[in-house]
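Q: Can you walk me through this one? I'd like strands first, then side chains.

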Amino acid sequence: YPWGYDGDNGPDQWHKNYPIAKGRHQSPIEINNKEVHYDRSLLPWFASYDPCAAKTILNNGKTCRVVFDDSFDRSVLRGGPLPGVYRLRQLHFHWGSSDDHGSEHVVNGVRYAGELHLLHWNPKYSNYLDAVRRTDGIAVLAIFLQVGKTPKPEMKRILEEINAIKTKGKEVPFPNFDPSILFPKSHDYWTYHGSFTTPPCEECITWIVLREPIIVSSDQMAKLRSLSKNAENEPDLPLVDNWRPTQPRYFRMVSASFL
Ligand SMILES: NS(=O)(=O)c1ncc[nH]1
Ligand SMILES: [Zn+2]
């Protein structure tokens with residue numbers, strides 16, 4: 001069922017076809033210092049990614065996604081709040097129509113220009129589709145994109161490919177890429193249990209949201225906004241504002257790895 005981010009198939013309507021969207025463990029959420037609980041038992045997290053696991057980069061009309069080989073424990077995330085290793089499957093972005101908004105999570109009222117999600121699944125389950133039905137099935141590492149003067153050069157590689165995937169359905173090879181080069185210096189994070197921020201919004205995600213944003217340039221954000229929602233034989237509709245508004249936290253604890 002075609003869902004989207006605006007008008008009659010926007011986030012407020014998703015629950016009609018995906019009832020979980022009105023659940024008690026939905027994402028994204030507001031992260032407010034006053035409500036966060038410092039958990040000194042939280043371990044540091046580690047990513048061990050194989051650059052050769054990177055396969056393709058694509059535009060699916062909803063985001064720009066890089067796909068990795070997840071047929072074995074080749075690129076994994078472990079530690080932090082996670083009970084074991086989780087396999088990297090894909091990364092993608094959410095962004096706004098201008099630099100003053102676009103992130104999904106909001107920190108003390110601050111909206112960032114965008115948000116990078118690295119999605120991993122728990123190999124204790126037989127496959128990804130089985131993992132998305134489990135509360136400990138998925139782990140997403142979320143990194144905010146902040147517009148600044150000294151952009152991270154490592155973002156260039158992804159943005160250089162944008163021209164090749166301008167329209168929906170385009171997919172091109174994207175070899176030899178280790179996404180950990182995109183990580184900020186600090187590994188400080190918040191963690192909480194939530195959901196996919198896109199339909200069907202399954203509540204299977206351990207979110208690990210990094211406190212430190214990575215710096216991108218306004219031109220780099222404009223590059224993301226140059227992607228089209230539509231296929232090449234359709235009118236060029238700018239792919240922007242592909243973020244879900246924050247959802248009620250209800251009785252969930254947000255833990256911080258830092259004081
Ligand atoms: N934005 S998200 O990381 O919750 C996601 N990944 C795949 C589909 N939706
Ligand atoms: Zn996402």
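A: A term first: buried means under 20% relative accessible area, exposed means over 50%, and partly exposed is in between (1.4 Å probe, protein chains only). Helices (H or I, at least four residues) and strands (E, at least two) are DSSP runs, numbered from the N terminus. This is a predicted model, where local features need pLDDT of at least 70, side-chain atom pairs count only at pLDDT 80 or more, and totals for chains, interfaces and linings use all residues. Residues are numbered from 1 along each chain as its sequence is written, and side-chain values use heavy atoms, with hydrogens and water left out.

Q: How many residues of strand β5 are buried?
A: Four of the five in β5 (residues 64–68), so the rest of the structure largely encloses this strand.

Q: Which sense does β5 pair in with β4?
A: Antiparallel, over five bridges, with β4 covering residues 54–59. Two strands pair if DSSP finds at least two bridges between them. Asn 59 has Cys 64 in β5 as its bridge partner.

Q: And what sits between β4 and β5?
A: Four residues, in a hairpin. Gly 61 in the turn has a positive phi of about 85 degrees.

Q: How many bridges between β5 and β7?
A: Three, antiparallel, with β7 spanning residues 86–95. Val 67 stands opposite Gln 90 in β7.

Q: Switching to Phe 174. Where is it?
A: Phe 174 is in the loop between β11 (171–173) and β12 (189–194). Its relative accessible area is 0%, so Phe 174 is buried.

Q: What is Phe 174 in contact with?
A: Leaving aside neighbours within four places in sequence, its contacts (heavy atoms within 4.5 Å) include Ala 54, Ile 57, Val 66 and Ile 158.

Q: How many disulfides?
A: Zero in the whole structure; the test is a pair of cysteine sulfur atoms within 2.5 Å.

Q: How many salt bridges?
A: The count is 13, taking a side-chain nitrogen of Lys or Arg within 4 Å of a carboxyl oxygen of Asp or Glu.

Q: What about Glu 35 and Arg 249?
A: Their side chains meet in a salt bridge, 3.4 Å from N to O. Glu 35 is in the loop between β1 (30–31) and β2 (36–38), and Arg 249 in the loop between α3 (218–225) and β15 (254–256), so the pair ties together parts 214 residues apart in sequence.

Q: Is Asp 70 buried or exposed?
A: Buried, at 15% relative accessibility. Asp 70 forms a salt bridge with Arg 89, with the closest N and O atoms 2.8 Å apart.

Methods. Chains lettered and ligands numbered in written order.
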